[in-house]
Amino acid sequence: MSTASMAKGRALPTSLPWSGLLALSAAAFTAVLTELLPAGLLPLMAPALGVSEAQVGFLVTGYAVASFAGAIPLTVLLRGLPRRPVLIGTLLGFAAANAVVALSSSYGLTFAARLVAGLTGGALWAMLVGYAARMVPAERRGRAIAIVLAGITLALSLGVPAGTALAEALGWRTAFGALAGLAVLLVGWVRWRVPGFPGEPPGARLPLGRVALLPGIPVVLSVTLLLLLGHQVMYTYVAPFAAHAGFGRTGLVLLVFGAATVAGIWLTGVLVDRRPRPTLLGALALCAAVMLVLGSFADSPAVLLTCVALWGVAFGGAPTLIQTALVDASGPAHADVATSLQTTVYNAGIAAGSLTGGVALEHLGAGALPWTSLPLIAGAFVTVALGRRHAFPAVRRRS
């Protein structure tokens with residue numbers, strides 16, 4: 001089934017549908033902010049809920065576990081329904097969950113609301129990239145995906161600090177109430193500017209296993225896993241590594257990384273539709289080179305911050321490049337199911353990378369972290385280089 005035929009017979013726009021894509025980007029922003037905001041509010045939320053700060057931290061863990069567990073089954077369950085009502089349903093799920101958190105004084109009720117938000121997040125992430133791909137011609141698919149995924153970077157670099165500041169000024173309940181209100185406003189934006197698409201008809205629904213085995217899909221998922229493993233080994237423990245390097249200002253390190261990811265997404269948006277394969281190979285090579293330098297010469301603050309900036313540029317664009325390859329391999333018709341698989345692999349990579357880094361830190365010290373990360377990222381590079389036929393071809397498919 002072609003992209004055009006899925007658009008209810010409408011011709012796809014020759015220019016980017018900015019308003020609709022920005023609505024999807026705002027949905028990504030809302031999801032990330034919903035997931036991570038409690039991490040910055042531990043001291044504020046713990047007394048109000050009558051629990052320890054560690055238990056408030058479990059609100060983030062519960063969200064992640066629910067998102068991990070729910071992405072695939074919810075996508076399979078909902079894939080036959082019209083896309084826009086499902087998208088609106090996820091936004092209303094965020095609104096309801098955040099409203100309950102804003103009003104609740106019970107830790108159990110708050111935790112349950114976070115589980116609902118996590119399930120909603122799993123369903124949302126599985127459909128955002130495929131939705132963007134169906135809104136544009138194939139030759140603009142990569143840039144459309146980059147615009148949508150920019151919402152993640154904005155949430156990390158601006159949204160979480162702004163939400164934390166709002167909570168400190170007006171109370172943490174106000175921050176979650178504002179998130180609930182943002183989700184409701186997004187419903188109106190989506191209804192106004194995001195086109196409706198039909199669900200998959202029964203005869204066109206490939207079983208989950210067949211989507212997973214489409215040519216190129218296993219390779220793309222392998223690259224996702226290896227990159228996230230290598231990235232999280234370092235990113236999770238950037239504070240002890242910075243201290244090991246003699247630079248204890250972790251906040252500045254994270255700020256440099258976050259700002260650089262914005263530049264990486266912009267650069268990727270320029271290149272992804274014209275030179276996706278060399279751009280991804282370049283990004284992975286740069287990540288590997290950064291780990292090599294950090295492992296050898298990180299005792300200089302200038303070297304550390306320069307490497308972190310280059311790391312941010314390289315990693316910032318990599319998810320867009322990989323997800324564009326995934327949609328190219330699956331085709332827009334099966335993108336939701338393929339993306340649900342990638343969401344699960346992505347979260348597995350985060351969890352396993354954090355665990356691997358923790359083991360390396362405990363037994364080998366912070367200096368071993370770049371050397372632990374390097375072979376994983378190098379493995380991702382080799383996998384892309386070898387996946388030339390179906391996963392990362394020199395010439396992109398135009399399906």
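# Cores, cysteines and helix packing

User: What does Leu-294 touch, not counting residues up to four places away in sequence?

Analyst: Leu-294 touches Met-234, Phe-241, Leu-304, Cys-307 and Pro-370 once those neighbours are left out. Contact here means heavy atoms within 4.5 Å.

User: Before we go on, what kind of model is this?

Analyst: This is a predicted model, in which local features need pLDDT of at least 70 and side-chain atom pairs count only at pLDDT 80 or more, while totals for chains, interfaces and linings use all residues. Residues are numbered from 1 along each chain as its sequence is written, and side-chain values use heavy atoms, with hydrogens and water left out.

User: How many residues has the largest nonpolar core, and which have the most contacts inside it?

Analyst: That core has 56 residues, and Leu-294, Leu-304, Trp-311, Leu-369 and Phe-392 have the most contacts inside it. A nonpolar core is a set of buried Ala, Val, Leu, Ile, Met, Phe, Trp, Tyr and Cys residues joined through side-chain atoms within 4.5 Å. Buried means under 20% relative accessible area, exposed means over 50%, and partly exposed lies in between, with a 1.4 Å probe and protein chains only.

User: Which elements give two or more residues to this core?

Analyst: They are α10 (217–235), α11 (238–244), α12 (250–271), α13 (276–297), α14 (301–330), α15 (335–364) and α16. The largest share, twelve residues, comes from α14. Helices are DSSP runs of H or I with at least four residues, strands are runs of E with at least two, and both are numbered from the N terminus.

User: What lies apart from it?

Analyst: Another core lies apart from it, with 36 residues, among them Leu-87, Ala-97, Trp-125 and Leu-128.

User: Back to α16. Is Ser-373 buried or exposed?

Analyst: Ser-373 counts as buried because its relative accessibility is 0%. Its place is in helix α16, which covers residues 369–386. Apart from residues up to four places away in sequence, Ser-373 touches Gly-230, His-231, Val-233, Met-234 and Met-291.

User: New topic. How many disulfides does the structure hold?

Analyst: The structure holds zero disulfides. A disulfide is counted when a pair of cysteine sulfur atoms lies within 2.5 Å.

User: Where is the nearest cysteine sulfur to Cys-287?

Analyst: For Cys-287, which is in no disulfide, the nearest cysteine sulfur is that of Cys-307, 11 Å away. Cys-287 is buried, as its relative accessible area is 2%. Cys-307 also counts as buried, at 7% relative accessibility.

User: How do helix α2 and helix α6 cross?

Analyst: The axes of α2 (residues 18–36) and α6 (residues 107–134) come within 10 Å and cross at roughly 150 degrees. Axes are lines fitted to C-alpha atoms, for helices over the stretch in contact, and angles run from 0 to 180 degrees between N-to-C directions. The two helices, α2 and α6, are therefore roughly antiparallel to each other. Angles under 35 degrees count as roughly parallel, over 145 as roughly antiparallel, 65 to 115 as roughly perpendicular and the rest as oblique.

User: Which residues of α2 and α6 meet?

Analyst: On the α2 side they include Leu-21, Leu-24 and Ala-28, and on the α6 side they include Arg-114, Leu-124, Trp-125 and Leu-128.

User: And α2 with α8, at what angle do they cross?

Analyst: The axes of α2 and helix α8 (residues 172–193) cross at roughly 160 degrees and come within 10 Å. Therefore α2 and α8 are also roughly antiparallel to each other. Among the residues that meet are Phe-29 and Leu-33 in α2, and Leu-186 and Trp-189 in α8.

User: How do helix α7 and α8 pack?

Analyst: Helix α7 (residues 141–170) packs against α8 at an angle of about 130 degrees, with their axes 6 Å apart. That angle makes α7 oblique to α8. Gly-163, Leu-166, Ala-167 and Leu-170 in α7 meet Trp-172, Thr-174, Ala-175 and Ala-178 in α8.

User: Where is the place of Leu-41?

Analyst: Leu-41 is in the loop between α2 and α3 (42–49). With 0% relative accessibility, Leu-41 counts as buried. Leaving aside neighbours within four places in sequence, Leu-41 is in contact with Thr-164, Ala-167, Trp-172 and Phe-176.

User: One more. How far are the C-alpha atoms of Val-76 and Val-337 separated?

Analyst: They are separated by 6.8 Å, although Val-76 and Val-337 are 261 residues apart along the chain. Val-76 has its place in helix α4 (residues 53–78) and is partly exposed, with a relative accessible area of 36%.
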